[in-house]
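Hi everyone, thanks for coming along.

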Amino acid sequence: MNSSLYRQSAITHRTNVWKGKALLVRGLPVWVHLLITAIFLISLTLLLTFGSYTHRVTVSGELASVPRPVTVASPDQGFVINKFVSPGDNVKKGQPLYEIDISRTTRSGVVSVQHRQSTQEQLRIVDDIIGRLRENRRITLATLEQEKASYAAAFEHSTKILKQAASGLKEMKQNMESYRRYQQAGLINRDQLSQQTSLFYQQQNDHLTLSGQREQNALQVLALEGDIRTRAADFDNEIFRMEMQRSVLARQNTEDDASGTLLITSPVNGRVDTVSLTLGQSTRSGDTLAQIIPDVKPHWELVMWIPDSALPFIKTDAPVNIRYSAFPSEKFGLFPGRIAEVSVTPAGMQERSHWASAPGADTGIPQTWYRLTITPDVTHFVWQGQRLKAGNGLRADCTLFLEKRRLWQWVLSPLYEMRDSTRGAING
């Protein structure tokens, strides 16, 4: 805009004109400023001297039931051919959950099927051999028992005859003695005495023969008894050897069945919480198949992970404040709890790998973690008049109350660090 269109006096007046009236306010007296400053300094000094602050640290973890849900994992690679349960079903220990096909196929066919057929054929042959051995044992022992019974009967018969012969021999000896007296008395001649003596000795020889036959029968009975025991032991040993071979084949048959299909059973009594696979779905070794909640009344605990810097100040039965991720503290507030247990050894990677909330390996800043168990006082939540139950794996943060100091000690803590950093070697 060209300024030549306006008068210079008008422009100067517009520039210097007042926009309003100036108002000068009288300040406070100096003693008021000094009083306020003194009150502030005194209050700050009292606060720093008598006030205290408890150091707090927030740790993370998850809610878990005790006993924890049992995770059923796949022992090998394969695919599901049968599923026997669904979420919410009650199961007994040993009840089938899944059937998984883990067979391998080559050009000659399914390997497990061929092994199983071969093993079953060997089992059939071994069973046939065991049956024949038992039949041969029965026949052989029965024949020997019959032979023993015959010799035992002959022994009893020879014993009876020997008793009769002994009685007759005794009478003939008495007759011979009588004939000898008769001959001495002259009643009979020597030929009659000789004849009677010859009959006695002949009877005596017959008695000895019968006695030898009796002893032979007794020895034969004893020999047959030993033979029966020996043959029975031989048959029993052979049958035992074949039964041992059959046990090996039966175990091999079980392994062949396991190499074809696996029947996954429930390890505990409980309720099926989740099932992860469906029919036809493939699985790898270690994959989770199902989770089963044991059929016992559980109690809940929070599993937290604390760094080593907080470990010395943690005490059992100390109170904590709990915040659940699913129930924001802005709406539901904080929940109370107590420290139940603190581990004395660091938690390894293997232990932490079983928990979703556990800290992983930090290659940048190495950190040692300890397991902290907290018992929550409240395990249910109320929302719009409804009672909500807690669940496994519910993420939570806990505020732990650690070291308590005076405020002036917290303020001077940097000076302590400077003092320690400048101090020399400590002797003693």
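First, the ground rules. This is a predicted model, where local features need pLDDT of at least 70 and side-chain atom pairs count only at pLDDT 80 or more, while totals for chains, interfaces and linings use all residues. Residues are numbered from 1 along each chain as its sequence is written, and side-chain values use heavy atoms, with hydrogens and water left out.

Now, confidence. pLDDT is the predictor's confidence in each residue, from 0 to 100. The chain averages 80, and 90% of the residues score at least 70. Strand β7, residues 109-110, has the lowest confidence, with a mean of 52, whereas β4 has the highest, at 90. Where pLDDT is low, the predicted coordinates should not be read in detail.

On to the strands. Four strands form an open sheet in the order β2-β11-β9-β4, with antiparallel pairing. β2 (70-73) and β4 (90-91) are at the edges with a single partner strand each, so one side of each has no neighbour in the sheet. Inside that order, β9 (residues 270-275) and β11 (residues 288-294) pair antiparallel over five bridges, and G270 has P294 of β11 as its bridge partner.

Another pair is β5, residues 96-101, and β8, which run antiparallel and are joined by five bridges. There, D101 is bridged to T261 in β8. Buried means under 20% relative accessible area, exposed over 50%, and partly exposed in between, using a 1.4 Å probe and protein chains only.

Now for the loops. Leaving aside residues up to four places away in sequence, S266 touches V91, K92, K93, G94, Q95, L97 and I292; a contact means heavy atoms within 4.5 Å.

L279 sits in the loop between β9 and β10 (282-283) and is exposed, with a relative accessible area of 57%. L279 and E99 are 180 residues apart in sequence and 9.5 Å apart in space, C-alpha to C-alpha.

Thanks, everyone!

Notes. Two strands pair if DSSP finds at least two bridges between them. Helices (H or I, at least four residues) and strands (E, at least two) are DSSP runs, numbered from the N terminus.
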